[in-house]
Amino acid sequence: MADRIGITRFGAYIPQLRLRRTAMAAANAWANPGLKGSAKGERSMCGWDEDVVTMAVAAARDALQNYRRDRISACILASTSAPFADRLNAGLVAGALNLPDALQSFDVSGSLRAGTSGLMAALAMAAGQDNPVLFVAGERRSAKPASVAEMQNGDAAAAFLVGYNPAAALVASHTVTRDFVDHFRATGVKYDYGWEERWVRDEGYMKLVPAALDGLFRKTNVSRDKVARFILPTPLGGIAPALARKMGFAENSLAPALIENCGFSGAVHGLLMLVQALETAKPGDMIAVASFANGCDALLFEVTPEIEKVRPRRGVSGWLARGRPTDDYTRFLSFNGELNVDWGMRAEFGNKYALTVEYRTGRDNLAFLGGRDRQTGVVQFPKTPAAVGPGAEGFAHYEDVPLADVPARVVSFTADWLTYYPSPPFYFGLVQFENGARVLMEMVDVREGALSVGSDVEMVFRVKEIDSIRGYRHYFWKATPQDAKAEAAS
Amino acid sequence: MTKGIRDKVAIVGMGCSQFGERWDTGSEELMMEAFQEALSDAGIDRSRIDAAWFGVSCDPINVGNSAVPLAVGLRLPNIPVTHVENMCATGTEALRGAAYAVASGAAEIALALGCEKLKDTGYGGLPVRTKGLFNDMWMPYGSAPGTFAQLAGAYAARHSIKMADLKQAMAHVSWKSHENGARNPKAHLRKPVSMDTILKAPMIAEPLGLFDCCGVSDGAAAAIVTTPEIARDLGKRDPVLIKSLQLSVSNGSEASYRDWDGSYVLNTRIASRRAYEEAGIRNPREEISLIEVHDCFSVTELVTMEDLGISPEGGATRDILDGFFDADGGLPCQIDGGLKCFGHPIGASGLRMAYEMYLQLQGRAGERQRKDVRLGLTHNLGGTPSSNVACVAIFGCGPA
């Protein structure tokens with residue numbers, strides 16, 4: 001067992017906002033009355049300040065928790081909708097997670113198989129080295145307003161730490177590559193272009209998925225009826241059960257589709273289902289994952305006794321329970337650049353970021369590193385040349401103190417309706433960390449009445465500002481209410 | 001403590017432009033309006049001015065940077081002119097420069113002039129500004145009302161006051177200033193408003209509604225200062241003297257260190273204690289006749305009453321609702337309408353407050369003149385509750 005490679009930790013993230021599909025269908029009924037037929041449940045929806053990078057960071061934190069970051073040897077990010085085409089998205093994730101500089105890192109993309117293919121690459125990389133590989137995937141895919149895809153999609157992220165002594169050991173993997181184009185999106189184009197679903201089902205899923213799974217099971221002596229969970233991510237209804245039957249998996253092995261309560265999250269979706277499966281998995285469970293896109297990836301995992309020690313902090317079930325349903329379809333459109341809302345002149349404020357300053361202060365800003373002054377012992381953010389604590393003299397010398405996971409509470413706050421903000425009101429206030437640091441911070445994902453003086457907040461990594469002229473985005477940390485009620489519900 | 005400048009500097013002339021939406025007037029005209037009034041009030045020729053301090057806070061939408069705009073605007077004869085900027089305390093900062101020049105003997109007669117042209121932004125409220133390249137990387141971009149609104153929740157929590165009761169006291173603050181502003185011909189907002197209107201106004205930054213926020217205006221104000229001796233030579237038999245002029249600036253402890261609870265303005269406390277010491281005041285509530293405070297927001301005025309040591313801790317709400325700071329109360333506050341109604345052209349505001357004290361001390365305040373005005377205090381605050389500059393100045397006639 002000790003020399004098996006696999007998933008050692010796992011986590012997920014689903015944005016709090018959940019757009020009710022009935023609201024989407026109602027808003028678009030004039031153009032596409034047929035949408036009403038699939039207007040069930042809700043889709044997850046990124047806040048204006050969430051993207052693949054921020055969701056990946058959230059998922060990684062869900063997985064890693066207090067795992068020592070300096071042990072991680074590589075960071076890989078998979079997505080078809082990452083914010084930067086040329087700037088390492090995985091590097092941003094690594095920075096936010098305070099991973100060491102000696103780190104292998106790259107982005108994986110190209111198809112909705114990027115999630116499973118990236119995971120396979122990560123597993124291969126982790127084999128033969130002492131330190132584990134962090135693999136993250138996130139999707140925030142665009143779809144045309146009033147399209148079926150817009151309703152079916154969801155935004156989400158998943159993260160895995162892979163290495164030895166796994167909670168889910170890789171038994172085998174297999175890939176079939178075929179240029180089967182169920183949909184495509186050319187470079188620089190915003191939306192997918194897709195072909196008829198019936199053809200995609202019959203010629204695509206029903207032929208290429210079995211080919212991959214047959215190949216997978218030929219590589220092992222595991223019997224198909226031993227599969228406790230079959231994961232087939234797809235936005236199309238009926239395909240997964242049909243394939244489960246065709247493959248000879250037990251009927252109750254089918255993993256929840258996560259379409260009605262989350263939406264199809266592209267390259268992440270199979271991984272999201274895998275995280276959910278692992279949340280309740282028992283040692284000995286066999287989990288088969290198939291991921292269809294320009295061919296098909298297939299992976300087989302065996303759950304080990306380690307599973308009992310490494311549950312995610314919230315996981316898919318926890319994030320699902322933290323949903324905040326909304327009918328604000330126009331808010332969704334605005335967040336996705338589909339609606340040109342009149343924000344007034346305050347929105348015209350220039351926000352060009354100096355890349356020199358970004359780099360000079362980037363490590364502390366990305367990882368939210370405060371400093372403990374060696375002279376006074378006082379923790380502060382940012383690290384100023386002169387320390388803030390009483391009795392500090394001369395130039396301060398700091399020891400890094402990551403603040404992202406330090407308990408904190410609200411000193412003061414407001415809901416600001418005057419300042420420009422893409423999702424008013426703008427909540428901000430003074431946050432007091434348990435270790436003494438104090439920072440004026442933006443506050444996000446605030447339910448009505450969730451903030452009060454003294455209430456507990458936790459930190460989330462988000463987009464601070466988007467420079468739409470230059471296409472740049474700057475990230476920083478924000479505070480969010482601990483939301484004990486939602487936590488209890490999960 | 002240093003000896004300070006108590007009674008070393010006299011104000012011999014002051015001017016204040018009409019405040020408001022001066023659509024047809026540029027910055028240079030506003031400066032000239034205030035300057036001409038100050039010059040003729042002083043009874044001197046501009047050639048007697050040895051040095052000048054020019055306060056402008058939002059120079060990108062005003063006249064640009066440097067002191068040249070004042071020198072050109074008033075055609076000052078190549079004297080030293082300094083541009084000062086210290087957020088909303090800029091006006092008092094300009095006065096401080098001029099007063100220090102006189103007190104040191106570097107200048108016999110000095111000019112302080114503050115000017116702001118805010119109604120060229122195209123929208124209401126203060127213009128959006130950068131906090132500097134590094135700070136923009138991490139600091140939230142809250143509005144001015146957003147930063148000061150936070151005093152309310154923290155104050156309510158500290159003193160266990162219900163928000164509804166606090167809102168009532170805050171509304172009274174604004175109601176009173178509207179009553180006063182209505183009697184000031186130079187004020188921007190001259191219409192009384194009802195408590196009901198104030199309480200039901202649209203929300204700007206919770207819990208501050210529209211009427212909890214001061215007006216944003218165009219305007220200029222100026223002071224000509226000199227020594228008490230020269231003042232007497234100029235025929236001012238009992239000149240208005242600066243009793244104290246103190247400034248306290250945040251060193252970041254409120255925003256970055258755990259002590260401060262967010263319910264008061266630390267620098268107002270420090271600056272006022274220094275000012276009382278410099279002026280020899282032991283009991284401000286009894287000894288001061290009139291106050292003009294930085295009422296950028298109603299809640300700022302409320303906590304300032306405690307920060308100045310006039311109301312007891314947690315007692316400002318009671319004093320306000322008792323009418324203690326009303327025009328006919330024990331210690332009238334914002335008798336000229338304050339920032340709330342006189343208006344708030346940032347660079348001019350500190351000097352506008354001094355202007356009202358100057359008039360009141362000389363019995364020249366017309367319809368709003370108070371009886372027996374002996375000592376007047378101005379409080380000029382710039383920044384946010386957690387990071388700010390606070391100026392406290394005290395003015396009086398004759399040596400104490």
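Predicted model: local features only at pLDDT ≥ 70, side-chain atom pairs only at ≥ 80, totals over all residues.
Chain B contains 15 helices and eleven strands. Its C-alpha atoms occupy a box of roughly 55 × 45 × 40 Å along the principal axes. Of the 400 residues in chain B, 62% are buried.

Two helix pairs of chain B were examined. Helix α3 (residues 90–104) of chain B packs against helix α15 (residues 346–361) of chain B at an angle of about 65 degrees, and their axes are 5 Å apart. α3(B) is therefore roughly perpendicular to α15(B), since angles of 65 to 115 degrees fall in that class. On the α3(B) side the contact involves B:T90, B:G91, B:T92, B:A94 and B:L95. The residues they meet in α15(B) include B:I346, B:G347, B:R352 and B:A354. By class, this contact of α3(B) with α15(B) has six nonpolar, six polar and one charged residues.

The second pair consists of helix α6 (residues 163–181) and helix α12 (residues 298–307) of chain B, which pack at an angle of about 100 degrees with their axes 8 Å apart. This angle makes α6(B) roughly perpendicular to α12(B). B:A169, B:M170, B:V173 and B:S174 of α6(B) make the contact with B:S298, B:V299, B:E301 and B:L302 of α12(B). The residues of this contact divide into five nonpolar, two polar and one charged.

In chain A, nine strands form an open sheet of mixed pairing, in the order β5-β4-β6-β7-β1-β8-β13-β12-β11. β5 (104–108) and β11 (227–231) of chain A stand at the edges with a single partner strand each, so one side of each has no neighbour in the sheet. From one strand to the next, the twist averages 25 degrees. Helix α2 (residues 52–64) of chain A packs on this sheet and touches β1 (5–13), β4 (74–78), β6 (133–139) and β7 (156–164) of chain A. The direction of α2 makes about 45 degrees with that of β7(A).

Within the sheet, strand β13 (residues 295–303) of chain A runs antiparallel to strand β8 (residues 168–177) of chain A, to which nine bridges join it. A:V176 has A:C296 as its bridge partner in β13(A), and A:H174 stands opposite A:A298. Strand β12 (residues 286–292) of chain A also pairs with β13(A) in the antiparallel sense, over seven bridges; here A:A288 is the bridge partner of A:L300. β12(A) and β13(A) form a hairpin with two residues between them, and A:N294 in the turn has a positive phi of about 45 degrees. Nine of the nine residues of β13(A) are buried, so the strand is largely enclosed by the rest of the structure. A:G295, A:D297, A:L299, A:F301 and A:V303 point one way from β13(A), while A:C296, A:A298, A:L300 and A:E302 point the other way.

Between the chains, 36 residues of chain A are in contact with 33 residues of chain B. On the chain A side, two or more residues each come from β18 (408–416), β19 (426–433), β20 (438–443) and β22 (472–481) of chain A. β18(A) gives the largest share, six residues. By class, the chain A side divides into 19 nonpolar, 13 polar and four charged residues.

How values were computed
Residues numbered from 1 in each chain as written. Chains lettered and ligands numbered in written order. Helix = DSSP H or I, 4+ residues; strand = E, 2+ residues; numbered from the N terminus. Buried ≥ 20, exposed ≤ 12 C-beta atoms within 10 Å, placed from the backbone. Axes fitted to C-alpha atoms, helices over the stretch in contact; angles between N-to-C directions. Parallel < 35°, antiparallel > 145°, perpendicular 65-115°, else oblique. Contact = placed C-beta atoms within 7 Å. Nonpolar A, V, L, I, M, F, W, Y, C, P; charged D, E, K, R; others polar. Pairing = 2+ DSSP bridges.
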